[in-house]
Number of protein chains: 2
Amino acid sequence: MGSKALVIDKEINYTMWRKRKIEFWNRIWEDLEIGYLDKDLLGLLVLFNTDKNIYTLSSCSGRIVVADSTYPWSREETSVVFKKHFPVKTEELVEIMTKPAVRRMWVNVTGPIIHLSTSSFDYALKILSLAREAGFKHSGLLSFNKDKGYILELTTGVRVSNLIKEGNKIYLEEKYLEDFVKILNEVLIYGKKLLLRLYDTVEKVIPIQEDEEIMRFIEERGISIESINPRNILSKYINYL
Amino acid sequence: MGSKALVIDKEINYTMWRKRKIEFWNRIWEDLEIGYLDKDLLGLLVLFNTDKNIYTLSSCSGRIVVADSTYPWSREETSVVFKKHFPVKTEELVEIMTKPAVRRMWVNVTGPIIHLSTSSFDYALKILSLAREAGFKHSGLLSFNKDKGYILELTTGVRVSNLIKEGNKIYLEEKYLEDFVKILNEVLIYGKKLLLRLYDTVEKVIPIQEDEEIMRFIEERGISIESINPRNILSKYINYL
């Protein structure tokens, strides 16, 4: 034991950072075209990117996933049986229940998770404080890298990880399946409402410093900000229950 | 929209920060005396505090909680029916199942959560990278404050949030209750193993800069580091299954 120096250079390589911003920005529109984009997110992603000091990374608006895996958080050996970013129907779960489980079958409902990068620590702190204000209580700065920037994860505590079956053992009482699905949807929508709250909170502050290139892109493409506002997108099922 | 300045002073008020370190440090030993301390944590808390630039805040080694609440993450209106930091017995859950649920009864198993503060951003990044290396994949910097420091949360993805009952509806198939409890314990222990891995990872690097006051405290109290090493504390149930 003793004293060692510990100094990390926190200066951003802005050229590289900017290059990444444009790559991720273009990917949003490519994903949208091929139907890959989680559309509930679009308004929020655009909003963040209108600031010169922010870009967004892969994110999720909240989803219901059925996984066949030892643990609900397992990644490597997980086989995703079902995945949806909007409410499910009882029949869909009934169908899944008839399938054999190799390991264990879990249903995971998760709230929204937004990943983004800022070009300064000040910006990172500002975004974290906005996120917390909007109910994203588990948000944090994950890492720092000269090229990638200050990487943030904005998350809520919204989560259900429920065991359904293991081999032939069905843990979930089937006669209450309909009520169970109702609760899963309720949890999903709870998360979507937090997404909306984040949008409303961020919109009051961001952009602090406008990104002209992004603004031009939006204008030239004729993108209507109102049409991608999550309030309008989510209205289709936010009163689902 | 336009350009606003955004500058946050990131210099620590070290006198205040130090005062808080000593307060939290003393609280560990008070909590231990009155039986409040989550003992599985003790070794890790001491280890972090041996560094002059780190202090620990309220943390958790992982636990099994039964809550009567609308959602598993609800805090305000939650009534905690049961809470334990070590494996549970089937009979304990049987007893809980007989109790009426006001809202919904959820069983939540959570992995370890460590809160700590560092006096510099460099330290914060170093700890985050160690945590990620040890499998604490959801770790992040939560906030910054001149007096409180750089506040970190080290967490894993280990979590189960399972619906048990709502009113008179029992969602969990009672004939598999024993198997279910076994899985809950397996998940709890998975988290405890990650706690151990964090200890082993941190021990190789921390302290970078020794805290003489803390070292003196440990010496004068005759605290044996080996006796609070989580490897020894956890051995009692890490092979429980």
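Biologist: Leaving aside neighbours within four places in sequence, what is Thr201(A) in contact with?
Modeller: This is a predicted model. In it, Thr201(A) is in contact with Leu130(A), Glu133(A) and Ala134(A), once neighbours within four places in sequence are set aside.

Biologist: Which element is Thr201(A) in?
Modeller: Helix H5 of chain A, residues 177-203.

Biologist: Buried or exposed, that Thr201(A)?
Modeller: Buried. Its relative accessibility is 9%, and the cut-off for buried is under 20%.

Biologist: What does the side chain of Thr201(A) have at 2.7 Å?
Modeller: The backbone oxygen of Arg197(A). It lies 2.7 Å from a polar atom of the Thr201(A) side chain.

Biologist: And how far apart are Thr201(A) and Asn13(A) in space?
Modeller: 29 Å, C-alpha to C-alpha. In sequence they are 188 residues apart.

Biologist: New topic, Asn108(A). Where is it found?
Modeller: In strand E4 of chain A, residues 104-110. Asn108(A) counts as buried, at 6% relative accessibility.

Biologist: Which residues does Asn108(A) touch, not counting those up to four places away in sequence?
Modeller: Arg63(A), Ile64(A), Val65(A), Pro72(A), Arg159(A), Val160(A) and Ser161(A).

Biologist: Which side chain does Asn108(A) make a polar contact with through its own side chain?
Modeller: Ser161(A), at 2.9 Å. The Asn108(A) side chain also reaches a backbone oxygen, that of Pro72(A), at 3.3 Å.

Biologist: How far is Asn108(A) from Lys126(A), by C-alpha atoms?
Modeller: They are separated by 31 Å. Along the chain they are 18 residues apart.

Biologist: Over to Asn162(B). Where does it lie?
Modeller: In strand E8 of chain B, residues 159-166.

Biologist: Why does Asn162(B) count as buried?
Modeller: Because its relative accessible area is 1%, and buried means under 20%.

Biologist: What is Asn162(B) in contact with, apart from neighbours within four places in sequence?
Modeller: Residues of both chains. From chain A there are Ser161(A), Asn162(A) and Leu163(A). From chain B there are Met105(B), Trp106(B), Val107(B) and Phe180(B).

Biologist: Which side chain of chain A makes a polar contact with the side chain of Asn162(B)?
Modeller: That of Asn162(A), at 3.4 Å. The Asn162(B) side chain also has a polar atom 2.7 Å from the backbone nitrogen of Leu163(A).

Biologist: Helices next. At what angle do H3(B) and H5(B) pack?
Modeller: About 115°, with the axes 9 Å apart. H3 of chain B covers residues 90-98. That angle makes H3(B) roughly perpendicular to H5(B).

Biologist: Left-handed or right-handed, the crossing of H3(B) past H5(B)?
Modeller: Right-handed.

Biologist: Which residues meet there, between H3(B) and H5(B)?
Modeller: H3(B) brings Thr90(B), Leu93(B), Val94(B) and Met97(B). They meet Leu177(B), Glu178(B), Phe180(B), Val181(B) and Leu184(B) in H5(B). By class, the contact of H3(B) with H5(B) divides into seven nonpolar residues, one polar and one charged.

Biologist: Now H2(B) against H5(B). How do their axes cross?
Modeller: At roughly 25°, and the axes come within 10 Å. H2 of chain B is residues 42-49, and H5 of chain B is residues 177-203. So H2(B) is roughly parallel to H5(B).

Biologist: Which hand is the crossing of H2(B) past H5(B)?
Modeller: Left-handed.

Biologist: Which residues of H2(B) meet H5(B)?
Modeller: Gly43(B), Leu44(B), Leu47(B) and Phe48(B). On H5(B), their partners are Leu195(B), Leu198(B), Tyr199(B), Val202(B) and Glu203(B). The contact of H2(B) with H5(B) has seven nonpolar residues, one polar and one charged.

Biologist: Peptide bonds. Which bond involving Pro207(A) is cis?
Modeller: The one joining Ile206(A) and Pro207(A), with omega about 5°. Most peptide bonds are trans. Pro207(A) is in the loop between H5 and helix H6 (212-220) of chain A.

Biologist: And in chain B, what is omega from Ile206(B) to Pro207(B)?
Modeller: Near 5°, and the bond is cis. Pro207(B) is in the loop between H5 and helix H6 (212-221) of chain B.

Biologist: Last one, the overall picture. How many helices and strands in chain A?
Modeller: Seven helices and nine strands. The C-alpha atoms fill a box of roughly 60 × 55 × 30 Å along the principal axes. Of the 241 residues in chain A, 56% are buried.

Biologist: What share of chain A contacts with a separation of 6 or more comes from residues 24 or more positions apart?
Modeller: 76% of them.

Notes
Residues numbered from 1 in each chain as written. Chains lettered and ligands numbered in written order. Predicted model: local features only at pLDDT ≥ 70, side-chain atom pairs only at ≥ 80, totals over all residues. Heavy atoms only, no water. Axes fitted to C-alpha atoms, helices over the stretch in contact; angles between N-to-C directions. Helix = DSSP H or I, 4+ residues; strand = E, 2+ residues; numbered from the N terminus. Parallel < 35°, antiparallel > 145°, perpendicular 65-115°, else oblique. Left-handed = near helix turned anticlockwise from the far one by under 90°. Contact = heavy atoms within 4.5 Å. Nonpolar A, V, L, I, M, F, W, Y, C, P; charged D, E, K, R; others polar. Buried < 20%, exposed > 50% of the residue type's maximum accessible area, 1.4 Å probe, protein only. Polar contact = N/O pair within 3.5 Å; in protein donor to acceptor, adjacent residues only side chain to side chain.
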